[in-house]
Amino acid sequence: MLKNVMNMKGNQAIASVVLIAGAIFLCLAIGKTISVHPYIPLIILISFFLFILAFTHSDWAMGLLIVAMLLSPELDLGSLSRKQDITIRIEDLLIVVFMLGWLARIAVSRGLSFIRRMPLNRFILFYTIIFTLATLKGIITGDVGLLKGLFFMFKYIEYFIVFYLASSIIQNEKQMWNYLTIFLVVFAIIDIYAFSQIGHVDRVSVPFQHGNGEPNTLGGYQVLMLGVLLGILTHVNLRQWKWPLIGLAVFTLVPFAHTLSRASYGAIVVMYLTLIFYSKFSTKTVLVGIMAFCVVLFLIFKPDFVMHRLVSAVTPEYQQNIPTVKLLGVSLGASPSARILDWIDLFQTWKTKPFLGFGLTGVRFVDGQFIKVLVETGLVGLAAFMMLLFVIFHQVLKIYKKTKNPLYKGLAIGFLAGHGGMLAHALSANTFIIIRIMEPYWFLAGMVMVIPYLEKATVPVLPPKNLEEQKVYMRNTQFFLNSNKNIVKGIG
């Protein structure tokens, strides 16, 4: 078997090696856990059928994955790790099984590859190497727990697996439409679920969430999907679906407001301004008009729950032993003050290990993606992370400007706007490690980055416009062929 693998080329050899290694690892894991957890055989049986599904019908498998991203429950790993802050979700298992199924298909097929050549590849690899080295160093020095560190490393890598699965499986525009349709259907379901919570909870959240839920997660997800939805609405002729999708965008604002997520409120503003700034002029005017109309409505009605949430950020009330922080002469509320003080404290901690940091989970929890990356992976990790984010923005903008297909153009500008919103959201939230935001984010990123490949595969060959041009074309072609024959005879 090893000899056959070595005789293969490129992606087929890589796929075969990963498939064999995955099979060995799976057998070892089964043997270790089957005596402890009797329900494991059922999971294995289901995984086998899902593997077959990914091998034979990859489109169905990826559609199922999109649904599972927001609508799958969490499983507690406390009994395995003795830590209650490690959980997995159903789609974690789906991603691994679908990856193995797709790699198996690549191994027996020609013309397929798991990793296409894209500008993002080297930056993803660089960032992966840095956080892996930082975490392994943290495990060695005792800053990071072994199981927890490895688990979070896999979670980070899992997002990139989603990216490469999407970018390698998509081969045509029809698949794009199908996946976007599933994304929007799931988005509508999440909105309806969140709307049903209004009046029953203080802040609405996503389904299947432990504890009191995560309103920030719902708000970030809504900002990302609203960006994509608005990009499609402004660039694609949707015919009978135009008004239903406009209705979905308007309806989303109701549960979005009830998340009471200040990070999401700021993110939606940045998302919308990004959409305005990079859209064509005719679209800009419409978007600016809509924004002005929404601002006027907000100032007229001034929803009390939203206003109270916004004002509380700059209202120094009883601080619960938290000192009041002043920013630009403004006294902040308890939550922003606590967050800024936490950042300052962690910044001092980072100085003790400035280059590679403490490793993933090597420091306490903190709200703020960029300070988290700095402390966990150091200056090198933060530089790698920022470069990756910049390249994503640059490449998506480049694709948007070059593509002529309305669907691709709408998806690109929508994701670009969503990306801008995620950057704003990450200022005060761990946006780029939140599962329910990052799995859709990286799937959509894969859809955008594969657009140049799809357009290369469908370059149209334009025929002559009329009969006279056809005659000229035929005469020129015949002349060219005769010239070639004369040249060959002369050489002979």
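Here is a short walk through this structure, from its core to its surface. The model is predicted, so local features need pLDDT of at least 70 and side-chain atom pairs count only at pLDDT 80 or more, while totals for chains, interfaces and linings use all residues. Residues are numbered from 1 along each chain as its sequence is written, and side-chain values use heavy atoms, with hydrogens and water left out.

A nonpolar core here is a set of buried Ala, Val, Leu, Ile, Met, Phe, Trp, Tyr and Cys residues joined through side-chain atoms within 4.5 Å; buried means under 20% relative accessible area, exposed over 50%, and partly exposed in between (1.4 Å probe, protein chains only). The largest such core has 129 residues, and the members that touch the most others are M176, W442, F443, L444 and M447. Helix 16 (residues 369–402) gives this core its largest share, 17 residues. Helices (H or I, at least four residues) and strands (E, at least two) are DSSP runs, numbered from the N terminus. Setting aside residues up to four places away in sequence, M176 touches I170, L407, Y408, L411, M447, V450, I451 and L454, where contact means heavy atoms within 4.5 Å.

Aromatic rings come next, with 22 pairs in the structure. Rings of Phe, Tyr and Trp (its six-membered ring) pair if their centres lie within 6.5 Å; planes under 30 degrees apart count as stacked, over 60 as edge-to-face and the rest as tilted. F163 and W442 have ring centres 5.7 Å apart and planes at 85°, so they make an edge-to-face pair. This pair links distant parts of the chain, with F163 in helix 8 (residues 146–169) and W442 in helix 18, 279 residues apart. F163 counts as buried because its relative accessibility is 0%, and W442 counts as buried at 4%. F385 and F432 also form an edge-to-face pair, at 5.6 Å centre to centre and 80° between the planes. Here F385 sits in helix 16 and F432 in the loop between helix 17 and helix 18, 47 residues apart. F385 is buried at 3% relative accessibility, and F432 is buried at 7%.

The loop between helix 17 (406–425) and helix 18 (435–449) also holds N430. N430 is buried, because its relative accessible area is 5%. Beyond residues up to four places away in sequence, N430 touches F365, V366, D367, G368, Q369 and K372. Although N430 and D367 are 63 residues apart in sequence, their C-alpha atoms are 5.9 Å apart.

Another loop, between helix 11 (242–257) and helix 12 (262–278), contains T259. With 0% relative accessibility, T259 counts as buried. Leaving aside neighbours within four places in sequence, its contacts are R203, V204, P215, L218, G219, Q222 and Y265.

F126, F355, L379, V380 and M387 make a nonpolar surface patch of about 430 Å². Accessible areas come from the Shrake-Rupley method with a 1.4 Å probe; for residues, only the protein chains shown count as cover. Helix 16 supplies the largest share of the patch, three residues. F355 lies in the loop between helix 15 (334–350) and helix 16, and counts as exposed because its relative accessibility is 57%.

Note on methods
Patch = residues over 30% accessible without salt bridge, like charges linked within 9 Å, V, L, I, M, F, W, Y side chains within 5 Å. Salt bridge = Lys/Arg side-chain N within 4 Å of Asp/Glu carboxyl O.
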